[in-house]
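Take a look at the model below. We will follow its salt bridges, then turn to its pocket.

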Amino acid sequence: MPEWIAWAPTGREALGAAVAVKGQQLNRDLYPLLLRKRLHVRELAGRDLTLRLVAGPDGRNNWAPAPAPADAPATGAPGSGQAARQAREAALMLDIRTVSLERIKVEFRDGAGPWHYFDLDRLSGSAPRDQPMALEMQGRVEKSFPYQIRLSGAPLRTLLRSHDPWPFDFQLEFLGSVLRLAGALRGASGELGFAMGSPDLTQLERLLQTPLPKVGAGALAGRVTMRPGYVAVTGLSAVRGRTALQGWVAYDAGGARPALRGRLDLPTLDLRPFLPG
């Protein structure tokens, strides 16, 4: 195997290669696959992968295959529904004991705009077929803003089968803020609690390179209940500086006409940070 691999979809070479790989490793056991339709991966590791994604001014890009000519014969490729089922069935076979990725970089440019950067410095975890999964990742956005993500949950096959609730716990630390989601999902239904806190908007202001109101520390919490055609946020509590909000809101598309109901109370409202100085 060459030390570096570069790839671009056919017909898109002029935009540059989309992928460059320096190191990769996959240790697998094929015997369980033959006996129980299971692919046991002892270790899935990769490092020094660069994804350079470029969108041209004419709408073309270097990561999607070029569309087939209108007069091209049908290839018999599976439709999106069949492809999704095949991908799900393949994922159900996976039994990944250890995952380790290092120095994964994504670079994106839209037309003549500036380059944007997303770096995954390190990802580690495991996703055994019949045991709880756990992932932890950390890196940087735009080379200057560190993030850290932790995810734990029931076995991944529980989520993919959609028969039973899939409990999970997710935490993101970014721009000086912390977001936590915890609950259970089953297909398009589920219940989860959320909580977020941030000291101020200083880091977001740096990322956007735009002055923002000096509103002070903030916190947001509540609970989401969802099912097809229905979503509700209850126990909503939000505070930003001296402004506070409480209440609930629900959207129901299952009746004769869509309905949006709720109640939001503003015990205090401070507009001074938004007024000219």
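Arg 103 forms a salt bridge with Asp 48, with 2.8 Å between the closest N and O atoms. A salt bridge here is a side-chain nitrogen of Lys or Arg within 4 Å of a carboxyl oxygen of Asp or Glu. The pair links distant parts of the chain: Arg 103 sits in strand 4 (residues 94-110), Asp 48 in strand 3 (residues 39-55), 55 residues apart. Strands (E, at least two residues) and helices (H or I, at least four) are DSSP runs, numbered from the N terminus.

This is a predicted model, where local features need pLDDT of at least 70, side-chain atom pairs count only at pLDDT 80 or more, and totals for chains, interfaces and linings use all residues. Residues are numbered from 1 along each chain as its sequence is written, and side-chain values use heavy atoms, with hydrogens and water left out.

Now consider accessibility. Asp 48 is buried, at 16% relative accessible area. Arg 103 is partly exposed, at 39%. Buried means under 20% relative accessible area, exposed over 50%, and partly exposed in between (1.4 Å probe, protein chains only). Both residues belong to a network of salt bridges that also links Arg 47 and Glu 102.

The structure holds 13 salt bridges. Another of them joins Asp 169 and Arg 180, at 2.4 Å from N to O. Asp 169 lies in strand 8 and Arg 180 in strand 9, so the bridge ties together parts 11 residues apart in sequence. Asp 169 is partly exposed at 22%. Arg 180 is also partly exposed, at 42%.

Next, Arg 223 meets Glu 191 in a salt bridge of 3.7 Å, N to O. Arg 223 is in strand 11 (residues 218-227) and Glu 191 in strand 10, so parts 32 residues apart in sequence are tied together.

The largest pocket holds about 180 Å³. A pocket is an open set of points on a 1 Å grid over the protein atoms alone, where a 1.4 Å probe fits, with protein on both sides within 12 Å along at least five of seven lines; lining residues have an atom within 4 Å of a point. Of the 14 lining residues, Phe 174, Leu 175, Ser 177, Met 196 and Ser 198 are the closest to the pocket's centre. Strand 8 (166-174), strand 9 (177-186), strand 10 (189-198) and helix 4 (202-208) each give two or more residues to the lining.

Key:
Grid points are joined across faces, edges and corners, and a volume is the space filled by probe spheres set on the points.
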